[in-house]
Amino acid sequence: MRILSILFFLGMVAFGTSPAGTAFQLDFKAYCMDGDGELTDWVSSRLDAYLVGSQHEQSTHGHRWEIWSREAGGTPSRYAVCGSLRDGDKPDTIRLENTCGRCVGFIVSRKTADGKVKRREFELNASKSRHFRKIPGAVVRLEGERECSQ
(Lines give C-alpha, C1' and ligand atoms only; values in the text may rest on other atoms or scores of the structure.)
Protein backbone atom coordinates (compact mmCIF):
# COMPACT_ATOMS: atom_id res chain seq x y z
CA MET A 1 0.00 0.00 0.00
CA ARG A 2 2.88 2.37 0.73
CA ILE A 3 4.39 1.85 -2.71
CA LEU A 4 1.00 2.46 -4.29
CA SER A 5 0.58 5.62 -2.19
CA ILE A 6 4.01 6.91 -3.22
CA LEU A 7 3.31 6.23 -6.90
CA PHE A 8 -0.06 7.91 -6.54
CA PHE A 9 1.56 10.96 -4.98
CA LEU A 10 4.29 11.23 -7.59
CA GLY A 11 1.80 10.79 -10.41
CA MET A 12 -0.52 13.48 -9.07
CA VAL A 13 1.93 16.22 -8.10
CA ALA A 14 1.64 17.85 -11.52
CA PHE A 15 -2.16 18.18 -11.36
CA GLY A 16 -2.08 21.11 -8.93
CA THR A 17 -0.13 23.47 -11.16
CA SER A 18 -0.19 24.64 -14.74
CA PRO A 19 3.00 24.93 -16.80
CA ALA A 20 1.62 28.06 -18.43
CA GLY A 21 1.04 29.59 -15.01
CA THR A 22 -2.59 30.38 -15.80
CA ALA A 23 -5.28 27.71 -15.57
CA PHE A 24 -6.83 27.05 -12.18
CA GLN A 25 -6.36 26.65 -8.43
CA LEU A 26 -7.04 23.28 -6.82
CA ASP A 27 -7.81 22.47 -3.19
CA PHE A 28 -7.04 19.04 -1.70
CA LYS A 29 -8.44 16.85 1.08
CA ALA A 30 -7.27 13.52 2.54
CA TYR A 31 -10.25 11.16 2.96
CA CYS A 32 -10.32 7.76 4.72
CA MET A 33 -12.31 5.13 2.81
CA ASP A 34 -12.53 2.78 5.83
CA GLY A 35 -14.95 4.78 7.94
CA ASP A 36 -12.94 7.67 9.41
CA GLY A 37 -14.07 10.09 6.69
CA GLU A 38 -12.36 13.45 6.22
CA LEU A 39 -8.80 13.52 7.52
CA THR A 40 -8.17 17.18 6.59
CA ASP A 41 -10.15 20.25 5.64
CA TRP A 42 -9.67 21.58 2.10
CA VAL A 43 -6.00 22.66 1.89
CA SER A 44 -4.12 24.37 -0.93
CA SER A 45 -1.20 21.90 -0.92
CA ARG A 46 -1.45 18.31 -2.17
CA LEU A 47 1.64 17.53 -0.09
CA ASP A 48 -0.12 18.57 3.14
CA ALA A 49 -3.07 16.28 2.37
CA TYR A 50 -0.73 13.44 1.37
CA LEU A 51 1.29 13.67 4.60
CA VAL A 52 -1.86 13.55 6.78
CA GLY A 53 -3.22 10.58 4.79
CA SER A 54 0.09 8.74 5.03
CA GLN A 55 0.28 9.28 8.80
CA HIS A 56 -3.31 8.04 9.14
CA GLU A 57 -2.48 4.89 7.19
CA GLN A 58 0.46 4.15 9.48
CA SER A 59 -1.43 4.83 12.70
CA THR A 60 -4.51 2.79 11.72
CA HIS A 61 -2.56 -0.11 10.19
CA GLY A 62 -3.57 0.00 6.57
CA HIS A 63 -6.73 2.06 6.34
CA ARG A 64 -7.37 2.93 2.70
CA TRP A 65 -7.43 6.64 1.94
CA GLU A 66 -7.54 8.94 -1.07
CA ILE A 67 -6.72 12.51 -1.91
CA TRP A 68 -9.75 14.37 -3.19
CA SER A 69 -9.35 17.54 -5.22
CA ARG A 70 -11.63 20.32 -6.37
CA GLU A 71 -11.31 23.49 -8.31
CA ALA A 72 -11.64 26.31 -5.78
CA GLY A 73 -15.28 26.18 -4.71
CA GLY A 74 -16.13 23.42 -7.22
CA THR A 75 -17.28 19.81 -7.06
CA PRO A 76 -14.94 17.43 -5.17
CA SER A 77 -13.25 14.68 -7.16
CA ARG A 78 -10.66 12.03 -6.51
CA TYR A 79 -7.80 10.48 -8.45
CA ALA A 80 -9.23 8.52 -11.38
CA VAL A 81 -9.01 4.77 -10.83
CA CYS A 82 -12.00 3.73 -12.96
CA GLY A 83 -10.94 5.42 -16.19
CA SER A 84 -8.74 4.10 -18.96
CA LEU A 85 -7.58 6.75 -21.48
CA ARG A 86 -5.99 5.37 -24.66
CA ASP A 87 -6.12 5.52 -28.47
CA GLY A 88 -9.65 5.14 -29.77
CA ASP A 89 -11.10 2.48 -32.01
CA LYS A 90 -11.90 5.17 -34.58
CA PRO A 91 -9.07 6.97 -36.43
CA ASP A 92 -7.71 10.14 -34.81
CA THR A 93 -9.58 9.65 -31.52
CA ILE A 94 -8.80 9.08 -27.87
CA ARG A 95 -11.05 6.72 -25.92
CA LEU A 96 -12.03 7.07 -22.27
CA GLU A 97 -13.48 3.83 -20.91
CA ASN A 98 -15.20 3.24 -17.55
CA THR A 99 -13.53 0.09 -16.20
CA CYS A 100 -15.58 -0.12 -12.97
CA GLY A 101 -18.87 -1.91 -12.48
CA ARG A 102 -20.76 1.26 -11.52
CA CYS A 103 -21.59 4.69 -12.88
CA VAL A 104 -18.67 7.15 -12.52
CA GLY A 105 -18.41 10.87 -13.23
CA PHE A 106 -15.14 11.81 -14.97
CA ILE A 107 -13.35 15.15 -15.19
CA VAL A 108 -11.39 15.52 -18.44
CA SER A 109 -9.36 18.48 -19.67
CA ARG A 110 -7.91 19.41 -23.04
CA LYS A 111 -4.97 21.80 -23.21
CA THR A 112 -4.45 23.26 -26.65
CA ALA A 113 -1.15 24.36 -28.17
CA ASP A 114 -1.90 28.01 -27.30
CA GLY A 115 -2.16 27.10 -23.58
CA LYS A 116 -5.95 27.30 -23.20
CA VAL A 117 -7.50 24.64 -20.98
CA LYS A 118 -11.08 23.41 -21.33
CA ARG A 119 -12.53 21.11 -18.69
CA ARG A 120 -15.63 18.89 -18.94
CA GLU A 121 -17.41 16.70 -16.44
CA PHE A 122 -19.62 13.85 -17.60
CA GLU A 123 -20.91 10.50 -16.36
CA LEU A 124 -20.33 7.06 -17.88
CA ASN A 125 -22.25 3.96 -16.87
CA ALA A 126 -20.40 0.68 -16.21
CA SER A 127 -18.35 -0.63 -19.17
CA LYS A 128 -19.22 2.38 -21.37
CA SER A 129 -16.79 4.64 -23.19
CA ARG A 130 -16.55 8.05 -24.84
CA HIS A 131 -14.35 9.20 -27.71
CA PHE A 132 -12.54 12.55 -28.08
CA ARG A 133 -11.01 13.93 -31.28
CA LYS A 134 -7.23 14.12 -31.44
CA ILE A 135 -6.25 17.71 -32.16
CA PRO A 136 -2.66 18.44 -33.23
CA GLY A 137 -0.71 20.00 -30.37
CA ALA A 138 -3.47 19.36 -27.79
CA VAL A 139 -3.22 17.12 -24.74
CA VAL A 140 -6.24 15.33 -23.26
CA ARG A 141 -5.89 14.48 -19.57
CA LEU A 142 -8.08 12.57 -17.14
CA GLU A 143 -8.01 14.76 -14.02
CA GLY A 144 -10.28 12.92 -11.63
CA GLU A 145 -13.53 11.18 -10.93
CA ARG A 146 -16.50 11.45 -8.61
CA GLU A 147 -19.66 9.58 -7.69
CA CYS A 148 -22.54 9.80 -10.19
CA SER A 149 -25.36 12.13 -9.30
CA GLN A 150 -27.99 9.40 -9.81
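Threonine 40 sits in the loop that runs between strand E2 (37-38) and helix H2 (46-59). Keep in mind that this is a predicted model. Here's a quick look at that loop residue, then at the helix that follows.

**Threonine 40**

- With a relative accessible area of 12%, threonine 40 counts as buried, because the cut-off is under 20%.
- Its side chain has a polar atom 3.0 Å from the backbone nitrogen of alanine 30.
- Leaving aside residues up to four places away in sequence, threonine 40 touches Phe28, Lys29, Ala30 and Val52.

**Helix H2: length and faces**

- H2 is 14 residues long and spans 20 Å from first C-alpha to last, close to the 20 Å expected at 1.5 Å a residue.
- Its buried residues are Arg46, Ala49, Tyr50, Gly53, Ser54, His56 and Glu57.
- Looking down the axis of H2, you'd find those buried residues within an arc of 160°, so they line one face of the helix.
- The general rule behind this kind of pattern is that an α-helix has 3.6 residues a turn, so residues three or four places apart point the same way.
- Over on the other side of H2, Gln55 and Ser59 are exposed.

**The two ends of H2**

- At the start of H2, serine 45 has a side-chain oxygen that comes within 3.2 Å of the backbone nitrogen of leucine 47.
- Just past the end of H2, histidine 61 adopts a positive phi of about 50°.

Notes:
Residues numbered from 1 in each chain as written. Predicted model: local features only at pLDDT ≥ 70, side-chain atom pairs only at ≥ 80, totals over all residues. Heavy atoms only, no water. Helix = DSSP H or I, 4+ residues; strand = E, 2+ residues; numbered from the N terminus. Buried < 20%, exposed > 50% of the residue type's maximum accessible area, 1.4 Å probe, protein only. Polar contact = N/O pair within 3.5 Å; in protein donor to acceptor, adjacent residues only side chain to side chain. Contact = heavy atoms within 4.5 Å. Expected span 1.5 Å × (residues − 1). Arc of directions from axis to C-beta.
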